[in-house]
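Visitor: I'm new here, so could you take me in for a close look at one helix and a couple of spots elsewhere?

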Amino acid sequence: MRPWLYNTLYRMGIAPWDNGVRPHLVDLVESGRIKPENGNRVLDLGCGTGSESVYLARQGFDVVGVDYSRVALERARERATKEGLDRTSRFEHGDISTYPVPGVAGTFDVILDFGALDDMTGEPRKGMAQLIHRYAHPGTVFVLWCFYARKEDVPRFKFAGVSQMHSMLEPGEEQDLFGDAFHIERLDSPEHTACFVMTKK
């Protein structure tokens, strides 16, 4: 989707994915698999209104969120300021399919993507994957949530749930994009979705 459409959905408060912190992330934090003592720099790609970024800042992480919707970023900054977390969560406007993102330097201990990579196709998808490789160092934990299915295995049209109208990762594509550099684990997820926890080798 184009930035103007994202801006419109965020402005109207009807972005369907903007509904709080993702349960997979909460489980990873509460189980101790992701904790600031193991490295507290987080890069949240496609951060939207900052639910995950601010949640992690509240847990003691130092978070940089990136999005290309200026409306979403304004809401994210407001959320962080309201909670007094604007010193440990900052938000940058940028294209996450091209490295480097202006204002984002170094590597990160945790990288998040909840629904950005699968929203891209072709060269932008490959570009975002390369950006993730370059912002990671050995031991970086990359959490990727995506729609995940072969197009022919989902309905062409569906009022609720996954359909062929969604862009998605196809089974095995995570190995093609990341398998050479990351150990990949798949968590339990609803049908036609996937959440991967990848650790940089």
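Guide: Helices (H or I, at least four residues) and strands (E, at least two) are DSSP runs, numbered from the N terminus. This is a predicted model, where local features need pLDDT of at least 70, side-chain atom pairs count only at pLDDT 80 or more, and totals for chains, interfaces and linings use all residues. Residues are numbered from 1 along each chain as its sequence is written, and side-chain values use heavy atoms, with hydrogens and water left out.

His 24 is buried, at a relative accessible area of 14%; buried means under 20% (1.4 Å probe, protein chains only). Beyond its neighbours within four places in sequence, His 24 touches Trp 145, Leu 187, Asp 188, Ser 189 and Cys 195, where contact means heavy atoms within 4.5 Å.

Now for the helix, H5 (residues 122-135). At 1.5 Å a residue, its 14 residues should span 20 Å, and the end C-alpha atoms are 21 Å apart, which agrees; the expected span is 1.5 Å times one less than the number of residues. Among the buried residues of H5 are Arg 125, Met 128, Leu 131 and Tyr 135. The buried residues of H5 pack against several elements, including strand S1 (41-45), strand S5 (136-147) and helix H6 (173-178).

Last stop: Ser 89, in strand S3 (residues 89-93). Ser 89 counts as buried because its relative accessibility is 3%. A polar atom of its side chain lies 2.7 Å from the backbone oxygen of Leu 85. Setting aside neighbours within four places in sequence, Ser 89 is in contact with Ala 57, Val 63 and Ala 80.

Definitions and conventions
Buried means under 20% relative accessible area, exposed over 50%, partly exposed in between (1.4 Å probe, protein chains only). A polar contact is a pair of N or O atoms within 3.5 Å; within protein, one must be able to donate a hydrogen and the other to accept it, and residues adjacent in sequence count only if both atoms are side-chain atoms.
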